[in-house]
Amino acid sequence: MNAHAPRYRTLDMPGILALLSGLPDIAARLGGDGAQWTICEVSDGNLNNVFVVDGPHGGVCVKQSLPYVRVDPSWKMPLDRTFFEASYLRDIHPLVPGLTTRCLHFDPDLFVLVVESLSGHTVYRTALMAGAQWPRVVPDIATFVARATFGTSVLCAPFEHVFERQAVYARNTTLRRITLDLVLDDPYHDHPRNHWDDRRLDDVVGRIRASCTVRRVVDGLRLRFLTCPQALLHGDLHTGSIMATATDTRVIDGEFAIYGPIGFDCGMFVGNLVLRRFADPSPDAGRACVHDIHRFWNGFVAEFTRQWATAHPTPSDPSGPCAFFLPDAADASSRGERTPGPSQDPLQDLPPGRAAFLRAVFEDMVGYAATEIIRRIIGYAHTADFDVIPTHEARTVRRRAALVFAYGLLCHHGTHDGVNAAFGALAGQGEV
Ligand code: SR1
Ligand code: MG
């Protein structure tokens, strides 16, 4: 029993089936009766229990918070994360209907969330490790981030509405603390949660930690993470938070949702594309990665500016779509009529106010991408990307190269004038 949630208990499989039987809408979606339903545990992330339940008509996915970290029960944790995930889905689903899942039910006593199930989809990280090349995913994630962030910011909605939402997500302190510590703090000094299994990384880690420039840049990113509530973020947009097929992309796992700098979501995604590049032995991986980052950034800017161009300020609500950033009326490019080519700077023809705003998002994206790469190699929560590399020796060489690359991004943070300047070197490195 949990002192703050007296009706809470961790549900086993029969408990999940009993709960769903009592929910008429969910039972109708599954079809038949409970005796015809199958249930399977698919817990994969670090934090929660997850089950897929299938019936004769359809399936649902059931997620329950545990009073601890699933992969480390000694790490106690409040239960409220599924509440924030349910809130996030309810807030963003109308903005990105085909790019996430619908929240079907949330039980505030059991901290159980029920969403549409995604049968036939694969975790994108897993698919990439198996060699999938699904061209829809990157532009879909660009569209997702652009619409979900623009639509929850004061660029689009009245500030009163945005401030109310900010107050809700400001209470997601547990998961904001995890990100602050695991992504933006622990890796930069000795901490028992950090680990890496080869002393041949020690010198790079030492260089990263000894650099005053890195310290200053990471301090700046920490500060922006805490003090720059531009939009509602997913907050953990790595490739394990995406499920996809060759033709369909869905963002899942929004429990880390908070208001923060838009470049944080961009950087998490891009950082994981870069991790993949260093783990991929194929000779084309570098060029493909740079191409994907171009497609992501250009797609994000195109969709964000398209949204901006169609948000209509009214004189009675000057705070709404942020009149400060209004384009010159004569500027056709600001009406979303242009799509930049892959190697063009997508900001070059924008009105100055909008270009400046998006340039700051770009700088954040580069910085947070670097911190994501570093923490996934030397911090608490490593990713599986490098596991496909057959020898320990080769894994170390590639991890080292990724760390050196991320270190370079931080050392030159703020000087990159576009994707090529920041990430172009990835294409040239061939076999690491
Ligand atoms: C204790 S949670 C560790 C990590 O898992 C989640 O997916 C987040 O990425 C978090 O940093
Ligand atoms: Mg997750």
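**The ligand shell**

Guide: Helix H7 (residues 173-184) supplies the largest share of the shell around ligand 1, namely three residues. Helices (H or I, at least four residues) and strands (E, at least two) are DSSP runs, numbered from the N terminus. This is a predicted model, in which local features need pLDDT of at least 70 and side-chain atom pairs count only at pLDDT 80 or more, while totals for chains, interfaces and linings use all residues. Residues are numbered from 1 along each chain as its sequence is written, and chains are lettered from A and ligands numbered from 1 in the order in which they are written.

Visitor: Which residues are around ligand 1?

Guide: A residue is near a molecule or strand if its C-beta atom, placed from the backbone, lies within 6 Å of it. Around ligand 1 these are Gly 45, Asn 46, Leu 47, Val 69, Ile 178, Thr 179, Leu 182, Asp 236 and Ala 381.

Visitor: How does the shell divide by class?

Guide: Ala, Val, Leu, Ile, Met, Phe, Trp, Tyr, Cys and Pro count as nonpolar, Asp, Glu, Lys and Arg as charged, and the others, Gly among them, as polar. The shell around ligand 1 comprises five nonpolar, three polar and one charged residues.

Visitor: What does UniProt place at residues 39-286?

Guide: UniProt positions are given in the numbering used here, feature names are shortened, and annotations may be inferred rather than shown by experiment. The unreviewed UniProt entry places "domain: Aminoglycoside phosphotransferase" at residues 39-286. Over that range the model is 40% helix and 19% strand, with the end C-alpha atoms 41 Å apart.

Visitor: Which residues touch the most other members of the largest nonpolar core?

Guide: A nonpolar core is a set of buried Ala, Val, Leu, Ile, Met, Phe, Trp, Tyr and Cys residues joined through C-beta atoms within 7 Å. A residue is buried if 20 or more other C-beta atoms lie within 10 Å of its own, exposed if 12 or fewer, and partly exposed in between, with C-beta atoms placed from the backbone. In the largest nonpolar core, of 118 residues, Val 274 and Ala 406 touch the most other members. Helix H12 (residues 352-378) gives the most to this core, with 13 residues. Domain 1 and domain 2 each provide at least three residues to this core. Leaving out residues up to four places away in sequence, Val 274 touches Cys 289, Ala 369, Ile 373, Ala 402, Phe 405 and Leu 426.

**Backbone and exposure**

Visitor: Are Phe 111 and Asp 253 buried or exposed?

Guide: Phe 111 counts as buried because it has 26 C-beta neighbours inside 10 Å. Asp 253 likewise counts as buried, with 26 C-beta neighbours inside 10 Å.

Visitor: Why does Asp 284 count as exposed?

Guide: Asp 284 is exposed because 11 other C-beta atoms lie within 10 Å. Asp 284 belongs to the loop between helix H10 (262-279) and helix H11 (285-310). Between Asp 284 and Arg 177 there are 107 residues of sequence separation and 38 Å in space, C-alpha to C-alpha.

Visitor: Where does His 382 lie?

Guide: His 382 lies in the loop between H12 and helix H13 (392-411). With 17 other C-beta atoms within 10 Å, His 382 is partly exposed. Apart from neighbours within four places in sequence, His 382 is in contact with Arg 376 and Ile 377.

Definitions and conventions:
Domains from an automatic or database assignment. Contact = placed C-beta atoms within 7 Å.
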